[in-house]
Amino acid sequence: MKVFALLLALMVALPAAAEPTPAEVQKIMQRDFHPRGQATMERLAQDGVQRVCTETRDRPPAEVTKALEADQMKTITYPQGSLMGDWKRGETIAQSGRGLTWNDKAGEAGGGSCYNCHELSPQEFSHGTIGPSLRGFGKTRGAGADLQRYVYGKIYNAKAYNLCSQMPRLGLSGTLTPEQIKDLVALLLDPASPVNQ
Ligand code: HEC
């Protein structure tokens, strides 16, 4: 009982620390971010979509979400012909976390960092869980033209489908080339890909 009373007294005496304002957060980030190579201070500037998501804690009003997703959808450009590349190259791209970091060369194609957030091939058991498992994706969802278009678009600009998605916009940002995105489409959808075994 005594301990409880003491705790209660402490809770009253020590009010919860006030949350920093957005301006204070910006100041701290400006102070602690060290520009190097192609990773310049511009990295700290949010675009309109990111700002809306930050300001609404990822819950913008439905009509705002709909309008901004439609805008994001317009940024996706599809290459001519088949969207299915080579799943073997796709696996290497999914494994690689390179691209747009300070010690990558500007303009050089990067990797997808897919395993940072997703489970894909069963052979790779080290993966993150921020995103859903993509194991058996093509087997369960199909691999037809519509699915190919969806997966290509999702990788190109995830926010076109889910405005405040944590998934990076890998095509729009220039991290991945159209050719690389096609290889990732094959990794997810090709029946021969380890993802679908
Ligand atoms: C920083 C984490 C992150 C990275 C990196 C990431 N994703 Fe995602 N991904 C997510 C999250 C979170 C979702 C679920 C929310 C959503 O749909 O936006 C998602 C959703 C998806 C979906 C839709 C799943 C469905 O059921 O329709 C696909 C496909 C996908 N990711 C593929 C990929 C591929 C391929 C890569 C690598 C090029 C990748 N992701 C990289 C976080 C990530």
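## Gln72 and its surroundings

Apart from neighbours within four places in sequence, Gln72 is in contact with Val49, Asn157, Lys159, Ala160, Leu163, Arg169 and Leu172, where contact means heavy atoms within 4.5 Å. Gln72 belongs to helix α4, which covers residues 62-73. Helices here are DSSP runs of H or I with at least four residues, strands are runs of E with at least two, and both are numbered from the N terminus.

With a relative accessible area of 9%, Gln72 is buried. Buried means under 20% relative accessible area, exposed means over 50%, and partly exposed lies in between, with a 1.4 Å probe and protein chains only. The side chain of Gln72 also makes a polar contact with the side chain of Arg169, at 3.2 Å. A polar contact is a pair of N or O atoms within 3.5 Å; within protein, one must be able to donate a hydrogen and the other to accept it, and residues adjacent in sequence count only if both atoms are side-chain atoms.

## Basis of the model

This is a predicted model, in which local features need pLDDT of at least 70 and side-chain atom pairs count only at pLDDT 80 or more, while totals for chains, interfaces and linings use all residues. Residues are numbered from 1 along each chain as its sequence is written, and side-chain values use heavy atoms, with hydrogens and water left out.

## Helix α5 and its two sides

Helix α5 comprises residues 87-95, and its buried residues are Gly90, Glu91, Ile93 and Ala94. Viewed down the axis of α5, these buried residues fall within an arc of 165°, so they line one face of the helix. The arc is that of the directions from the helix axis to the C-beta atoms. The buried residues of α5 pack against α6 (114-117) and α9 (178-189).

The face of α5 turned away from the buried side carries the exposed residues Lys88 and Thr92. At the start of α5, a side-chain oxygen of Asp86 reaches to within 2.8 Å of the backbone nitrogen of Lys88.

## Aromatic rings

A pair of aromatic rings is described by the distance of the centres and the angle of the planes. Rings of Phe, Tyr and Trp (its six-membered ring) pair if their centres lie within 6.5 Å; planes under 30 degrees apart count as stacked, over 60 as edge-to-face and the rest as tilted. A search of the whole structure finds three aromatic pairs. In one of them, the rings of Tyr150 and Tyr161 have their centres 5.3 Å apart and their planes at 80°, so the pair is edge-to-face. Tyr150 lies in helix α8 (residues 145-156) and Tyr161 in the loop between α8 and α9, so this pair ties together parts that are eleven residues apart in sequence. Tyr150 is partly exposed at 29% relative accessibility, and Tyr161 is partly exposed at 25%.

The rings of Tyr152 and Tyr156 have centres 6.4 Å apart and planes at 20°, so this pair is stacked. Both residues lie in helix α8, four residues apart, which is about one turn of the helix. Tyr152 is buried, with a relative accessible area of 0%, and Tyr156 is buried at 12%. Together with Tyr78, these two residues form one aromatic cluster. The charged end of Arg149 sits over the ring of Tyr78, 3.8 Å from its centre. A charge sits over a ring if NZ of Lys or CZ of Arg is within 6 Å of the ring centre and within 35 degrees of the ring normal.

## Around the ligand

Of the 22 residues around the ligand, Cys114, Cys117, His118, Tyr150 and Met167 come nearest; a residue is near a molecule if one of its heavy atoms lies within 4 Å of it. Helices α6, α7 (137-141), α8 and α9 each supply at least two residues of this shell. The largest share, three residues, comes from α8.

## Two residues with positive phi

Most residues other than glycine have a negative phi. Asp58, which is not a glycine, has a positive phi of about 65°. Asp58 lies in the loop between α3 (48-55) and α4 and is partly exposed at 45% relative accessibility.

Leu100 likewise has a positive phi, near 65°. Leu100 is found in the loop between α5 and α6, and at 30% relative accessibility Leu100 counts as partly exposed.
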